[in-house]
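Dear colleague,

I am passing on the structure below, together with some notes on what turned up in it. Please look it over before reading on.

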Amino acid sequence: MRVGKNSPNAPSDSDKPKEEIIGNNTYHPGIADIEYDELHVQCPPHTTERKLITKIDWRLIPFLCILYLLAFLDRVNIANAKSFHLVEDLHLKDTEYNTALTMFFVPYIVAEIPSNILMKKFSPRVWLPTCMLGFGIASVCQGLVQNYSGLLATRFFLGLFESGMFPGCFYLISMWYKRSESQKRYSLFFSSTSLAGAFGGLLASAIGKMQGMRGYNGWRWIFILEGSLTGLVAIIFFFIFPSFPEEAKWLTEDERAYIKARLQADQGHNAAERKITLRDVVKVMKDHRIWLGGFMYFGLIVPAYSYAFFAPTIISTYHYDAIQTQLHSVPPWAASFVFSIIMAALSDRLRHRAAFALLPLCLCIAAFATLLKVHNNTPVQYAMLHLVTMGTYSILPITVCWFSMNLGGHHRRAIGTGWQIGFGNIGGIIATFAFLSKDSPEFTKGYAICLGFTCVSGIASALYLISIYSENQRRKRAVRDVGLSEYEKTELGDLNPEFRYMY
């Protein structure tokens, strides 16, 4: 809302501070028209909230989308590579391919929280491109391995370097945007996984035609070319990647102050300047809602990774050759991208998360239930794969956004998001053994596992909703001002009695 100096809606002189001080930053209202946002935080006089947020969008979201698109592409392109003689060339037996998939998740799970802590220490501009360069090199090395042991080693280092990507990017987004405007950004970022799946299928169908070039089968070229692209982009990102608002040199001092003030009004103080300690970790993990957040994500990761790792394997049972299998893997990913963006836009417009985290689960449940029973109708089976991706990949970003934006302060959010993603990705280990070759072509066991864990996520989300609703009602009835100092409010984060959880 923009108000003029003589407007009847303008604040009186007594209501307008001559100078607003936010932390160590100051800015002056001046005599020009002043804009106040919906939280009544004063905008710098030379811009508006909408212009500033658009500026942030263009300096933040495209970089995160490209980073995670390439990360997810390097993570799951082994599924495409399998269609081009990877198993035969490396002489993999029984469940060795599944074990190689599992190896990725060992460091990926363990290093989630430490990675978030290190990102806060070194800044996203340094930490994330460094990790990106690491997993790009690991991906190239996958294309050069000669045996099973080499594949295990490269998958381990790929998981280690990728561990900070997802929670780090979500954490960074949460430090720039208010809770009511974050979902579209989260979903656009996360939908890069769908684009990676579609892009990976198209790339694999093209690269697969390089079969035999320089003595390499097509699967080697998939790893080498896609990993080289990642490494090149990582080097560029060292010079242009964004960081936290406090470190953004492309914002003026008063713009940084405004961004900090609007987040403080929306979420409370964030204690960005304080280091995270082991005591913080232990204290955060005592909150039962932190555990529910982990199970919300954990239940969805099983079907998400089951599809990502085994979609070409499943689609190949519909009697397509290697190239046709890759091409038929593209439409389900494209459908999930469109559906995710629609769900995110509606969620932000209605300023509501819970319904959009629960209702699309019906698509997943219906799809898996159908796939359990229908084994000889290709059009129906292929259509159900679209529902699987639409349901699973639209809920994942909403679940993480809902949980992370209900965590107040840098330390609680860094630990909480790291835990949610780290614990949740244990589901990836389960997913790697859900679809075994011996169960082909029905894959009854795999579909049953995915159905069960989808229900686990739904139950955890429902319990989380009940918990935050009850807590909000309790705080509403309690005394609002309990005499806490600003430091105590900062330390409490979302446990501050004045904080209200978002549904």
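**Around R75**

Leaving aside neighbours within four places in sequence, R75 is in contact with Y68, F104, Y108, R155, L158, E162, Y305 and F309. R75 is found in helix α1, and because its relative accessibility is 0%, under the 20% cut-off, R75 counts as buried.

**The model as a whole**

Please keep in mind that this is a predicted model, in which the chain averages a pLDDT of 84 and 88% of the residues score at least 70. Among the elements of the chain, helix α6 (residues 148–162) has the highest mean pLDDT, 95, whereas strand β3 (residues 25–27) has the lowest, 34. Over residues 1–34 the pLDDT is below 50, and this stretch has 54 contacts in the model beyond near neighbours in sequence.

The chain contains 22 helices and 4 strands, and of its 503 residues 59% are buried. When contacts between residues at least 6 apart in sequence are considered, 82% of them join residues at least 24 apart. The chain exposes about 20,300 Å², of which carbon and sulfur atoms supply 64%.

**Helix α9**

With 16 residues (192–207), helix α9 should span 22 Å at 1.5 Å a residue, and its end C-alpha atoms are 21 Å apart, which agrees. The buried residues of α9 are S192, T193, S194, A196, G197, A198, G200, G201, A204, S205 and I207. What covers these buried residues includes α1 (49–82), the helix in which R75 is found, as well as α8 (183–190), α10 (218–240), α14 (322–328), α15 (330–350) and α18 (378–404).

**Aromatic rings and charges**

A search of the whole structure finds 38 aromatic pairs. One of them is formed by F166 and F189, which are stacked, with 6.2 Å from centre to centre and 20 degrees between the planes. This pair links distant parts of the chain, since F166 lies in helix α7 (residues 165–174) and F189 in helix α8, 23 residues apart. F166 is buried, with a relative accessible area of 0%, and F189, at 0% relative accessibility, also counts as buried.

Y216 and W221 form a tilted pair, 5.7 Å centre to centre and with 55 degrees between the planes. Here Y216 is partly exposed, with a relative accessible area of 28%, while W221 is buried, with a relative accessible area of 11%.

Two lysines are also worth a look: K82 lies over the face of Y97, at 4.6 Å from the ring centre, and the charged end of K121 sits over the ring of F122, 5.9 Å from its centre.

With best wishes

Note on methods:
Residues are numbered from 1 along each chain as its sequence is written. This is a predicted model: local features need pLDDT of at least 70, side-chain atom pairs count only at pLDDT 80 or more; totals for chains, interfaces and linings use all residues. Side-chain values use heavy atoms; hydrogens and water are left out. Helices (H or I, at least four residues) and strands (E, at least two) are DSSP runs, numbered from the N terminus. The expected span of a helix is 1.5 Å times one less than its number of residues. Buried means under 20% relative accessible area, exposed over 50%, partly exposed in between (1.4 Å probe, protein chains only). Contact means heavy atoms within 4.5 Å. pLDDT is the predictor's confidence in each residue, from 0 to 100. Accessible areas come from the Shrake-Rupley method with a 1.4 Å probe; for residues, only the protein chains shown count as cover. Rings of Phe, Tyr and Trp (its six-membered ring) pair if their centres lie within 6.5 Å; planes under 30 degrees apart count as stacked, over 60 as edge-to-face and the rest as tilted. A charge sits over a ring if NZ of Lys or CZ of Arg is within 6 Å of the ring centre and within 35 degrees of the ring normal.
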